[in-house]
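This report describes a single protein chain, from its overall make-up to selected contacts between side chains. Please keep the sequence and the model at hand while reading.

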Amino acid sequence: MPPAGDAQETRRRLVEAAYQEFAAYGIAGARVDRVAATAGVNKALIYFHFSNKDGLFAAVFEQLVGQALSEAPMDATNLPEYAGRLFDAGQAHPDALRLAAWHRLERSPDQAPLKAVLDANQSKIDAIAEAQAAGHVTTRFTAAEVLALVLTIANMWSVLTPELHLSAPQDPATRRALVVAALTTLLAP
């Protein structure tokens, strides 16, 4: 077993390498031997630290959730602007949007949900419910439905077909403004 400092550094390098590997190839297409080579470690250390490829993906996704929470903090009293910050984060980190897409596409329904995602979603739902009770956000939708609307609209440009992209506004500022305007209209109390 490696010394504690070395183990933490090895784990960090593996997660960093895996972030790029999963973003590029998805869960099924990612190869642990490429992750190990990129991280400059023996492949066996992936299994030591993460048990398997799914455990490695979970660690990568947990890092992604932490990054999103840090870069785009939620203010439940101003959800349109929160969506704008999520849009900005997606523009700054397109690999994060690809990781989220792979998560939706390839995680099996029988796999345990990722705790970091459950916790982040629940704290947002609770904050939205409080904002609804205070009259800041519409009650036409449940707090969970509001969160789904915010997350979907903030990231809508990443799920369009290439053909629709041809007709859609190309300017990021215009796209962001549309995200904010749509949610301002939908979520007004």
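## Basis of the description

The structure is a predicted model, in which local features need pLDDT of at least 70, side-chain atom pairs count only at pLDDT 80 or more, and totals for chains, interfaces and linings use all residues. Residues are numbered from 1 along each chain as its sequence is written, and side-chain values use heavy atoms, with hydrogens and water left out.

## Overall architecture

The chain contains 10 helices and 0 strands, where helices (H or I, at least four residues) and strands (E, at least two) are DSSP runs numbered from the N terminus. Read from the N terminus, the order of elements is α-α-α-α-α-α-α-α-α-α. The C-alpha trace extends over about 55 × 40 × 30 Å along its principal axes.

Of the 189 residues, 35% count as buried. Buried here means under 20% relative accessible area, exposed means over 50%, and partly exposed lies in between (1.4 Å probe, protein chains only). Among contacts with a separation of 6 or more, 67% come from residues 24 or more positions apart; a contact means heavy atoms within 4.5 Å.

## Two helix pairs

Two packed helices are described by the angle between their axes and the distance between the axes. The axes are lines fitted to C-alpha atoms, for helices over the stretch in contact, and the angles run from 0 to 180 degrees between N-to-C directions.

Helix 4 (residues 53-71) packs with helix 6 (residues 94-106) at an angle of about 130 degrees, their axes being 11 Å apart. Helix 4 is therefore oblique to helix 6; angles under 35 degrees count as roughly parallel, over 145 as roughly antiparallel, 65 to 115 as roughly perpendicular and the rest as oblique. The crossing of helix 4 with helix 6 is left-handed, a term used if the near helix is turned anticlockwise from the far one by less than a right angle, with right-handed used if clockwise. Helix 4 contributes F57, V60, F61 and L64 to the contact, and helix 6 contributes A96, L99, A100 and H103. By class, this contact has 7 nonpolar, 1 polar and no charged residues. Ala, Val, Leu, Ile, Met, Phe, Trp, Tyr, Cys and Pro count as nonpolar, Asp, Glu, Lys and Arg as charged, and the others, Gly among them, as polar.

Helix 5 and helix 10 pack at about 150 degrees, with their axes 8 Å apart. This angle makes helix 5 roughly antiparallel to helix 10, and their crossing is right-handed. The residues in contact include F87 and D88 of helix 5 and R176 and V179 of helix 10. By class, the contact of helix 5 with helix 10 has 9 nonpolar, 3 polar and 5 charged residues.

## Salt bridges

Side chains of opposite charge can pair when their charged atoms come close. The whole structure holds 7 salt bridges, each defined as a side-chain nitrogen of Lys or Arg within 4 Å of a carboxyl oxygen of Asp or Glu. The table lists some of them.

| Pair | N to O distance |
|---|---|
| R34 and E21 | 2.6 Å |
| D88 and R176 | 2.8 Å |
| K115 and D119 | 2.7 Å |

The pair of R34 in helix 2 (residues 32-39) and E21 in helix 1 (residues 4-29) links distant parts of the chain, 13 residues apart. R34 is partly exposed at 32% relative accessibility, whereas E21 is buried at 7%. Leaving aside neighbours within four places in sequence, E21 is in contact with G26, G29, A30, R31, R34 and V35.

D88 in helix 5 (residues 79-92) and R176 in helix 10 (residues 172-187) lie 88 residues apart. D88 is partly exposed at 33% relative accessibility, and R176 is buried at 19%.

K115 and D119 both belong to helix 7 (residues 115-133), 4 residues apart, about one turn of the helix. K115 counts as exposed at 59% relative accessibility, and D119 as partly exposed at 40%. Elsewhere, salt bridges that share partners join E9, R12 and E16 into one network.

## A positive phi angle

Most residues other than glycine have a negative phi, and most peptide bonds are trans. S51, which is not a glycine, has a positive phi of about 75 degrees. S51 is placed in the loop between helix 3 (44-50) and helix 4, and counts as exposed at 55% relative accessibility.
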